[in-house]
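This report describes the fold of one protein chain and the surroundings of its two ligands.

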Amino acid sequence: MSSTAPTPDSTADRIRRRGLMLVLSSPSGAGKTTISRRLLEQNPDVAMSVSVTTRQKRPGEVHGRDYFFIDPTEFNLMVNRGQLLEYAKVFDNYYGTPREAVEQSLRGGHDVLFDIDWQGTQQLRETARTDLVSVFILPPSAHELERRLTTRAQDSAEEIARRMAKANDEMSHWSEYDYVIVNHDIDDSVVAVQGILDTERLKRERQVGLSEFVRGLQAGF
Ligand SMILES: Nc1nc2c(ncn2[C@@H]2O[C@H](COP(=O)(O)OP(=O)(O)O)[C@@H](O)[C@H]2O)c(=O)[nH]1
Ligand SMILES: Nc1ncnc2c1ncn2[C@@H]1O[C@H](COP(=O)(O)OP(=O)(O)O)[C@@H](O)[C@H]1O
């Protein structure tokens, strides 16, 4: 095949599609960040929504990749200017989704991945229900959740205890989500989320170029 010939999945061949918003939520330590990173590696066309937060940067975290670390004054300014699509207070810190980057990705037909809590998911559900696909990640057990938080080794013992204490509260929202995955094996969980993404992309109402495609198809008969 010559290098200019369209490949089966070239952009020119694809039916125009509306981007979707894929939300992953879970109690802290259940595996959202790990699953998100793997999904982004496998799907270079998916954009990660990088949140702003007032919490302290952890060792290894990068400003602009993991979060935009800002102070409470800046956060308030963004809220007042309507620059956040949603925001919430979690573990005494504020977290929010910058609006502009998300809207730009969706306009460009890109899917956007979110690692946000149940409060943020509720807000997105109210404002963007048809674009939203929500997945809740559960840990296999309380013991395993604590083990993961401890082996991640990024929070103090006190912070881990606080996250464990909040886990029940976060988990009580599992039934508000479209899909629920118990994260036993990381590879299986990534395959499961990838399956959700692939299937949701095929939803008729998201393939906004379908009518045009079928008209062209029919004209050939
Ligand atoms: N509503 C909302 N929640 C967020 C946002 N960014 C992160 N979170 C949530 O805030 C919680 C704490 O995140 P983080 O401090 O990174 O801790 P981790 O979940 O233990 O890695 C998690 O439940 C995240 O999903 C956001 O922009 N909006
Ligand atoms: N299925 C899994 N089995 C074992 N360890 C896991 C699994 N998924 C994630 N982890 C580990 O658990 C810790 C917490 O995962 P992370 O993705 O940071 O969670 P979250 O973003 O939900 O807080 C990390 O050290 C990660 O490597």
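## A strand pair and its sheet

Y87 has G96, a residue of β6, as its bridge partner. The model in which this pair is found is a predicted one. The two strands concerned, β5 and β6, are joined by six bridges and pair in the antiparallel sense. Helix α2, residues 72-80, packs on the sheet and touches β3 (52-53), β5 and β6. The direction of helix α2 makes about 45 degrees with that of β6. Another helix, α4 (residues 118-128), lies across β5 and β6 and runs at about 155 degrees to β5.

In what order do the four strands of this open sheet stand? The order is β4-β3-β6-β5, and the pairing is mixed. The edges are taken by β4 (68-69) and β5; each has a single partner strand, so one side of each is left without a neighbour in the sheet.

## The loop between β5 and β6

Strand β5 covers residues 84-90 and β6 covers residues 93-98, and F91 lies in the loop between them. D92 is found in that loop between β5 and β6 as well. Most residues other than glycine have a negative phi. F91, however, has a positive phi, near 50 degrees, and it is not a glycine. D92 likewise is not a glycine, and its phi is positive at about 70 degrees.

Are these residues buried or exposed? The answer rests on a count of C-beta neighbours inside 10 Å: a residue is buried at 20 or more, exposed at 12 or fewer, and partly exposed in between.

| Residue | C-beta neighbours inside 10 Å | Class |
|---|---|---|
| F91 | 13 neighbours | partly exposed |
| D92 | 8 neighbours | exposed |
| Q119 | 16 neighbours | partly exposed |

F91 counts as partly exposed because it has 13 such neighbours, whereas D92 counts as exposed because it has 8.

## Strands that pair with β7

Strand β7 comprises residues 112-115. V112 and F114 point one way from this strand, L113 and D115 point the other way, and all are buried. Strand β1 (residues 21-25) runs parallel to β7 and is joined to it by four bridges. Within this pairing, V23 has F114 of β7 as its bridge partner. Strand β2 (residues 47-48) also runs parallel to β7, with two bridges between them. Here A47 stands opposite V112.

## The surroundings of the ligands

Which residues come nearest to ligand 1? Of the 18 residues around ligand 1, they are S28, S51, A88, Y95 and G120. The elements that give two or more residues to this shell are β5, β6 and α4. Strand β5 provides the largest share, four residues. By class, the shell around ligand 1 holds five nonpolar, nine polar and four charged residues.

Ligand 2 has 15 residues around it, of which G31, K32, T33, T34 and R148 come nearest. Two or more residues of this shell come from each of α1 (32-42), α5 (142-152) and α7 (186-201). The shell around ligand 2 has two nonpolar, nine polar and four charged residues.

## The chain as a whole

The protein chain has eight helices and nine strands. Along its principal axes, its C-alpha trace spans about 70 × 40 × 35 Å. Of its 221 residues, 25% count as buried. Among contacts between residues at least 6 apart in sequence, 69% join residues at least 24 apart.

An unreviewed UniProt entry places the feature "domain: Guanylate kinase-like" at residues 19-198. In the model, the span 19-198 is 44% helix and 22% strand, and its end C-alpha atoms lie 12 Å apart.

Key:
Residues numbered from 1 in each chain as written. Chains lettered and ligands numbered in written order. Predicted model: local features only at pLDDT ≥ 70, side-chain atom pairs only at ≥ 80, totals over all residues. Near = placed C-beta within 6 Å. Nonpolar A, V, L, I, M, F, W, Y, C, P; charged D, E, K, R; others polar. Pairing = 2+ DSSP bridges. Contact = placed C-beta atoms within 7 Å. Axes fitted to C-alpha atoms, helices over the stretch in contact; angles between N-to-C directions. UniProt positions renumbered as here; feature names shortened; annotations may be inferred.
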